[in-house]
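Here is a brief report on charged pairs and helix packing. Look at the model first, then read on.

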Amino acid sequence: TFKTKEKAVGNVPSTVLNPAVTIDRQHPDKIVENDASVSVRPSASDNNLVNRFIDVKSRYSESAINDLADRGIVKGDELGNFNPTAGITRAEFVSILLRSSNEQLDVSADSLSVSNLFNDIDGKWYSDDVMKAAQLNYIEGYPDGTFKPDRVITRAEAAKILQSFMKYQGDAVYPFTDEKNIPLWAKVAINKLGGELFIGYENGQFKPNRKITKEETAVVVYRLLHK
């Protein structure tokens, strides 16, 4: 089960994001708000914020990224960049989720039973994490026996994994205007978690087939830790 960690909330709310708060297409590092929105901007209490990366200052995800970096959940590159708008692979996404809940791979019969589940993870840095996630039923592979760990994960895939990770049983339903574009296998996950954990797009869209960025992932995990 997921364990909530107590820590003061920064400039990313852990509550449901008001539908009127969206990403500005022309300025993706900014947030559009109206008077009824939950603020996601730095407050006076964030004056002691220390940036762990040189490319996240003043972004809507700033507090979330720094908080997760302090916990050892996310990392940057050798130049000190986080690369917030870059995509994230399926293996990276799984590894971040496991680190967020302090999951460790147990060398057990269960873990060994899934060691041959995927034919494209042997000898990789993420092998243990993928095996652990499979052991815990967080992930599934493809019919050809692959996990495709290096493929950039989509928002729909991320929502599906999150539903399994959280073992979410809530009754809330968040409708999106692009419902027809949501894959059938991801509809339940997106309708239940989309408005609670994810930042939406213009006109109430979820955009399930768009890549989830590193900063979007950081915001999602940050909210999980503060639920």
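The count of salt bridges in this predicted model comes to eight.

| Salt bridge | N to O distance |
|---|---|
| Arg 71 with Asp 67 | 2.8 Å |
| Glu 157 with Arg 90 | 3.5 Å |
| Lys 148 with Asp 144 | 3.6 Å |

The pair of Glu 157 and Arg 90 links distant parts of the chain. Glu 157 sits in helix α5 and Arg 90 in helix α2 (residues 90-100), 67 residues apart. Glu 157 is buried, at 13% relative accessible area. Arg 90 is buried too, at 5%.

In the pair of Arg 71 and Asp 67, Asp 67 is buried at 7%, whereas Arg 71 is partly exposed at 25%. Lys 148 is partly exposed at 22%. Its partner Asp 144 is partly exposed at 46%.

Now the helices. Helix α1 (residues 62-70) packs on helix α7 (residues 214-225) at about 70 degrees, with the axes 8 Å apart. The two are therefore roughly perpendicular. Asp 67 is one of the α1 residues in this contact, alongside others including Ile 65 and Leu 68. From α7 come Val 219, Tyr 222 and Leu 225, among others. By class, the contact has eight nonpolar, one polar and two charged residues.

Helix α5 (residues 155-166) meets helix α6 (residues 187-197) at about 90 degrees, with the axes 9 Å apart. This pair is therefore roughly perpendicular as well. Residues of α5 in the contact include Ala 159, Leu 162 and Met 166. Those of α6 include Ile 190, Leu 193 and Leu 197. The contact has nine nonpolar residues, one polar and one charged.

Note on methods
Residues numbered from 1 in each chain as written. Predicted model: local features only at pLDDT ≥ 70, side-chain atom pairs only at ≥ 80, totals over all residues. Heavy atoms only, no water. Axes fitted to C-alpha atoms, helices over the stretch in contact; angles between N-to-C directions. Helix = DSSP H or I, 4+ residues; strand = E, 2+ residues; numbered from the N terminus. Parallel < 35°, antiparallel > 145°, perpendicular 65-115°, else oblique. Contact = heavy atoms within 4.5 Å. Nonpolar A, V, L, I, M, F, W, Y, C, P; charged D, E, K, R; others polar. Salt bridge = Lys/Arg side-chain N within 4 Å of Asp/Glu carboxyl O. Buried < 20%, exposed > 50% of the residue type's maximum accessible area, 1.4 Å probe, protein only.
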